[in-house]
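Look at the model before reading on.

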Amino acid sequence: MIYDVPKLVAPLHSETIGVEYRPLHPAEETAVNLDINCEELGLFPYELRLRAIPAPAEKTTHVVAVLGGSTTFSLTISNHARKTAVFAIKVNNECFTTPKNVEVPALKNAAFDVTYEPCDVDNISATLTATSEIAGEFVFPLVGTYSLPKPQGPYTVTADVPASIPFKNIFKETKSFELILDNPEVFATTTSLDKIKAKQVVPIIVRLKDTSNSKIELENDGYPVTGKLLICSTDPKISHINWIYYLRGVRQ
């Protein structure tokens, strides 16, 4: 693209003409002729040697998510072409999920969501690419960091309505987990977390025990009985990771 033409040049002076080269794809060096013509002074021929190198990667995006949870963030791509472009989105790590394609109008920007869900006890690096035949390629370096699970709840359990607590095996392979109730005189579960497949979600059903013939009172001056469900893996490598769910027992 050429700017500032036609241009009026005063006697014994010089002026500059702006030339912008905005390639959309990498390209080997080519020669382009540029002719500047003046009725009084004649023709000024120039040869421009143009080469397009791959665009540098965008700024690294750092994200943090809790094991068993996820976080969503946005990335922005630009379409410098003069017609609508469709970008194919690919990422080289399964902990990140994205839309397959993003459509961007001509000469516009568009944001799209990326979700990070840790699937191991390792911090990871990944590369996301957004590629269009029309508008070129964008490269986004990603760094994902996990944090240990935080206690959740309380989950209310009544005599008629048990609590259903969703638990997901976030790891890439089948795992077995152990369930421990710290107040087994009040709360009970028959849910098994043996050999849970990768990414499988299992509802943990926690019920109230019948305490009518015991000395335990679920309501005493308005205060419910509380408890805690602890889940840990039987795999020694990750046995230090605990998922904790607080429980609240109420007799209706």
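How many salt bridges does the rule find across the interface of domain 1 and domain 2? It finds one. Keep in mind that this is a predicted model.

**The two domains**

The protein is divided into domain 1, residues 61–147, and domain 2, residues 152–250. Their centres, taken over C-alpha atoms, are 36 Å apart. Eight residues from domain 1 and eight residues from domain 2 make up the contact.

The size of an interface is often given as the accessible area lost when the parts come together. Here domain 1 and domain 2 bury about 780 Å² between them. Carbon and sulfur atoms account for 60% of that area. On the domain 1 side, three residues stand out: Leu 67, Glu 117 and Cys 119 supply 52% of the area that domain 1 buries against domain 2.

The polar side of the interface can be listed briefly. Two residue pairs are in polar contact between domain 1 and domain 2, counting pairs with both residues at pLDDT 80 or more. In a salt bridge, the side chain of Lys 168 meets that of Glu 117, with 2.7 Å from N to O.

**The disulfide**

What does a search of the whole structure find in the way of disulfides? It finds one. The bond joins Cys 95 to Cys 119, with an S to S distance of 2.4 Å. The torsion about the S-S bond is about -75 degrees, so the disulfide is left-handed.

Where do the two partners sit? Cys 95 lies in the loop between β5 (85–91) and β6 (96–97). Cys 119 lies in the loop between β8 (109–116) and β9 (124–132). The pair therefore ties together parts that are 24 residues apart in sequence.

Which cysteines are buried, and which are partly exposed? The table gives the values, with buried meaning under 20% relative accessible area.

| Cysteine | Relative accessibility | Class |
|---|---|---|
| Cys 38 | 24% | partly exposed |
| Cys 95 | 4% | buried |
| Cys 119 | 2% | buried |
| Cys 232 | 12% | buried |

Cys 38, at 24%, is partly exposed.

Notes. Residues numbered from 1 in each chain as written. Predicted model: local features only at pLDDT ≥ 70, side-chain atom pairs only at ≥ 80, totals over all residues. Heavy atoms only, no water. Disulfide = S-S within 2.5 Å. Helix = DSSP H or I, 4+ residues; strand = E, 2+ residues; numbered from the N terminus. Buried < 20%, exposed > 50% of the residue type's maximum accessible area, 1.4 Å probe, protein only. Domains from an automatic or database assignment. Contact = heavy atoms within 4.5 Å. Buried area = accessible area lost by both parts, 1.4 Å probe. Salt bridge = Lys/Arg side-chain N within 4 Å of Asp/Glu carboxyl O. Polar contact = N/O pair within 3.5 Å; in protein donor to acceptor, adjacent residues only side chain to side chain.
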